[in-house]
Amino acid sequence: MKPGWHLLVTTESPKPTYIYKALKRIGRVGAQDFEDLKAVYDFRCATCGSEEGKPHRFERDKKTVLHRGHMNPESRMTLENIIPQCEMCNAVYSDDFVFDDKGRTIAVASLRPVLKASKRLKEEILRRLSSSPEDHFAD
Ligand SMILES: [Zn+2]
């Protein structure tokens, strides 16, 4: 078939690649379920970019499987609060961090990472939290 031509296979449902392209264009708001959401993210982990079904970016001997990852672990696991994450990112970050819709960490959601921090960082956290509230946001 000539490039740019299309073959009508069925009138029952649109070609999946058309749906995925439309979802990528529309973004998260167009997603009706987790499969749609994965399409928005090009079937890649929002955090590390590993592609579903392909060897994992950092562990080449493992295939990437995408899971529902919380953006904010303190909120319900709804489609609005989910990003696709590979098994590794989902396990490593657990419910300890808050993510934005790009898969970047934007806040700490549990004490676990703080307790693992260096003594210097713990002292800095303690110093800031025991100072006046407006100092909490100072650099
Ligand atoms: Zn990942």
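Predicted model: local features only at pLDDT ≥ 70, side-chain atom pairs only at ≥ 80, totals over all residues.
Figure 1. Residues are numbered from 1 along each chain as its sequence is written. There are five helices and four strands. From the N terminus, their order is α-α-β-β-α-β-β-α-α. Helices (H or I, at least four residues) and strands (E, at least two) are DSSP runs, numbered from the N terminus. The radius of gyration is 20 Å, well over the 14 Å that the globule rule gives for 139 residues, so the chain is more spread out than a compact globule. That radius is taken over C-alpha atoms, and the rule is 2.2 Å times the number of residues to the power 0.38. Along the principal axes, the C-alpha atoms fill a box of roughly 70 × 35 × 25 Å.

Figure 2. How many of the residues of E2 are buried? Five of its five are. A residue is buried if 20 or more other C-beta atoms lie within 10 Å of its own, exposed if 12 or fewer, and partly exposed in between; C-beta atoms are placed from the backbone. Ile82, Pro84 and Cys86 are buried on one side of E2, and Ile83 and Gln85 on the other. In the chain as a whole, buried residues make up 20% of the 139. E2 runs antiparallel to E1, joined by five bridges. Strands pair if DSSP finds at least two bridges between them. One of the bridges links Gly69 to Ile83 in E2.

**Figure 3. The largest nonpolar core.** This core has 17 residues. A nonpolar core is a set of buried Ala, Val, Leu, Ile, Met, Phe, Trp, Tyr and Cys residues joined through C-beta atoms within 7 Å. Val40, Cys45, Ile83, Cys86 and Cys89 touch the most other members. Helix H2, strand E2 (82-86), helix H3 (87-93) and strand E3 (97-99) each supply at least two core residues. In soluble globular proteins, nonpolar side chains tend to be buried together. Beyond its neighbours within four places in sequence, Val40 is in contact with Leu23, Lys24, Gly27, Arg28 and Ala31. Contact means that the two C-beta atoms, placed from the backbone, lie within 7 Å.

Figure 4. Tyr41 sits in the loop between helix H2 (34-40) and strand E1 (66-70). Why does Tyr41 count as buried? Because it has 23 C-beta neighbours inside 10 Å. Leaving aside neighbours within four places in sequence, Tyr41 is in contact with Ala46 and Pro84. Its C-alpha atom is separated by 10 Å from that of Glu52, eleven residues apart along the chain. Asp42 is also in the loop between H2 and E1. Asp42 counts as partly exposed because it has 14 C-beta neighbours inside 10 Å. Its phi is positive, near 60°. Most residues other than glycine have a negative phi.

**Figure 5. Ser94, between H3 and E3.** Ser94 lies in the loop between H3 and E3. Its phi is near 45°, a positive value in a residue other than glycine. Ser94 is partly exposed, with 15 other C-beta atoms within 10 Å.
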